[in-house]
Amino acid sequence: MTIAETKIAISESSATEVVKAAIERAKADKSHALLEIIEERAVVRAAEIDEKLKAGSDAGILAGVPFIAKDNMLTFGSHTTAASKLLENFEAPFQAEAIERLEAAGAICIAKANLDAFAHGGSTENSAYGPTSNPHDNTRVAGGSSGGSAASVALDIVPFALGTDTGGSIREPASFCGVVGLKPTYGSVSRYGVVAMASSTDVIGPLTHTVGDAKLVMDVIAGKDTKDSTTIDNPYTQPATVAVKKVGVIKEWLEDGVDETVKTNVTKMLDTLTSQGYIVEEVSLPVLQYALAVYYIIVPAEVASNLARYDGIRYGVRPESTTDLGSVYSMTRNAGFMPENKRRILIGNYVLSSGYYDAYFRQAAKVRTLLTDVMNQALETYDMLVGPTVPMVAFGLGENTQDPLSMYLADQMTVSASLTGMPAISVPLKTEGLPVGFQIIGKRGDDNSVLVFAETIEGAAV
């Protein structure tokens with residue numbers, strides 16, 4: 001159900017009944033989309049919402065609407081594990097700002113979603129608690145790292161879920177699971193109370209059934225927060241500034257290496273846009289070939305810094321057999337981190353180390369600036385940049401787990417918007433087989449123009 005349909009159901013019955021029904025669907029989930037159900041607190045909050053509705057008082061724009069949060073967001077009534085054994089016993093002393101804003105609007109968090117541990121991955125196979133399978137084919141991945149969030153919406157457990165996107169972690173699982181996934185402009189949503197991955201690209205965004213629902217969620221959670229100095233004024237309260245007429249199709253994203261299924265469905269949508277009077281032109285951006293390499297230098301460097309706090313003293317589960325400070329550190333991290341966590345820490349420390357900083361990190365930062373300039377220039381010529389979200393449909397469980405490079409290649413079309421801080425959305429296309437996502441990228445801060453055009457794609461895909 002959409003948010004609007006959920007609100008109708010609440011008006012016809014009660015928030016308590018709707019929330020209990022969502023909890024039962026969560027308990028019946030066979031895809032392992034969820035790590036913990038927040039039943040007791042959710043039912044209590046639903047009863048409070050019902051009292052407000054019965055009294056005729058303002059219960060909020062999302063009164064009684066159940067949702068699910070990725071388990072790297074701090075929430076009351078549950079653990080926040082980031083899908084890592086290091087945090088399996090961690091109970092948050094406060095809630096993430098995004099959760100607080102949703103609760104202030106009447107929404108009710110019913111569960112925590114599975115993810116790649118510390119959000120490191122593109123398949124939700126790196127979770128310490130087991131992988132999430134794709135709702136359309138349980139032999140395939142749901143995508144990552146927000147795989148549990150995407151799957152929970154695709155399974156219609158809730159009308160929306162929150163995810164985080166650092167290099168495509170909302171958009172990729174949205175594409176694989178056939179839902180809408182929005183990465184807003186960097187700084188749109190406070191990251192206070194979210195387990196950090198890479199601080200220069202981390203953003204929070206929604207996974208929904210419709211573009212309109214994504215807009216509704218962003219209206220609630222976006223905006224400045226004194227607890228996060230990177231936040232900006234809510235771009236979703238600003239009118240769309242671009243009446244989209246001219247669309248740039250990124251040439252490099254439809255060349256060799258893209259599945260024929262993806263290419264065929266995206267090309268079909270481009271033909272539909274042309275028939276509707278849009279100017280659809282190929283645009284070549286050769287610098288994009290370096291985006292993935294830049295991402296996997298800059299982001300691991302930030303990962304290494306952000307994971308340094310997990311030492312078994314300030315945070316984390318400490319092995320009992322430790323005998324000195326060195327063994328506390330080494331044994332805690334060896335037991336607690338997944339192989340992909342360790343890989344990214346090692347890469348990050350390497351590119352920041354003496355003798356390699358200039359050769360790798362500094363050069364990557366320069367190319368990131370070039371990438372931003374090139375994409376900004378392209379968006380002066382074209383109203384939107386478009387292409388596939390991911391170069392393939394959902395791949396098989398276990399298919400790429402022993403091949404990190406193949407796993408990383410799934411990010412090649414999503415990392416550019418993350419590195420440049422631009423808003424990007426994945427809209428599901430109508431397909432006969434597995435889902436395919438259509439990605440739209442717009443100017444930084446012009447999120448509403450992206451959403452307006454996304455609704456056009458959504459309507460044409462029906």
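# Helices, sheet and loops in a predicted model

Me: At roughly what angle do the axes of H8 and helix H15 cross?
Reply: The axes of H8 and H15 (residues 447-460) cross at roughly 105° and come within 11 Å. Axes here are lines fitted to C-alpha atoms, for helices over the stretch in contact, with angles from 0 to 180 degrees between N-to-C directions. H8 and H15 are therefore roughly perpendicular to each other (under 35 degrees counts as roughly parallel, over 145 as roughly antiparallel, 65 to 115 as roughly perpendicular, the rest as oblique).

Me: Before going on, what kind of model is this?
Reply: This is a predicted model, where local features need pLDDT of at least 70, side-chain atom pairs count only at pLDDT 80 or more, and totals for chains, interfaces and linings use all residues. Residues are numbered from 1 along each chain as its sequence is written, and side-chain values use heavy atoms, with hydrogens and water left out.

Me: And the labels, what are helices and strands here?
Reply: They are DSSP runs numbered from the N terminus: helices are H or I with at least four residues, strands are E with at least two.

Me: Back to H8 and H15. Which residues meet?
Reply: From H8, Met269, Thr272 and Leu273 meet Phe453, Thr456, Ile457 and Ala460 of H15. Contact means heavy atoms within 4.5 Å.

Me: Lysine 263, is that buried or exposed?
Reply: Lysine 263 sits in helix H8 (residues 260-275). At 19% relative accessibility, lysine 263 counts as buried (buried is under 20% relative accessible area, exposed over 50%, partly exposed in between, with a 1.4 Å probe and protein chains only).

Me: What does lysine 263 touch?
Reply: Leaving out residues up to four places away in sequence, lysine 263 touches Leu254, Glu255 and Val258.

Me: New topic, the sheet. What is the order of its strands?
Reply: The order is S1-S3-S2-S6-S8-S7-S12-S13-S11-S9-S10, in an open sheet of 11 strands with mixed pairing. Two strands pair if DSSP finds at least two bridges between them.

Me: Which strands stand at the edges?
Reply: S1 (34-37) and S10 (279-283) do; each has a single partner strand, so one side of each is left without a neighbour in the sheet. On average, neighbouring strands of this sheet are turned by 25° against each other, direction ignored.

Me: What packs on the sheet?
Reply: Helix H7 (residues 211-221) packs on the sheet, touching S6 (160-165), S7, S8 (203-208) and S12, and the direction of H7 makes about 145° with that of S8.

Me: How many bridges join S7 to S12?
Reply: Three, between S7 (residues 180-183) and S12 (residues 424-428), and the two strands run antiparallel. Leucine 182 stands opposite isoleucine 425 in S12.

Me: And S12 with S13, over how many bridges do they pair?
Reply: S12 and S13 pair over five bridges, in the antiparallel sense. Proline 428 has glycine 437 of S13 as its bridge partner. On another pairing, S11 and S13 run antiparallel and are joined by four bridges, with valine 386 opposite isoleucine 440 in S13.

Me: How many residues of S13 are buried?
Reply: Five of its five, so S13 is mostly covered. Gly437, Gln439 and Ile441 point one way, Phe438 and Ile440 the other way. In a regular strand the side chains alternate between the two faces of the sheet.

Me: Which residues of H2 are buried?
Reply: Ala15, Thr16, Val18, Val19, Ala22, Ile23 and Ala26. Seen down the axis of H2, these fall within an arc of 165°, so they line one face of the helix. The arc is that of the directions from the helix axis to the C-beta atoms. What covers them includes H1 (3-12), S1, H3 (39-55), S2 (66-70) and S3 (108-113).

Me: Last one, loops. Which residues does the cis peptide bond join?
Reply: Glycine 144 and serine 145, with omega about 5°. Serine 145 lies in the loop between S5 (137-141) and H5 (147-154).
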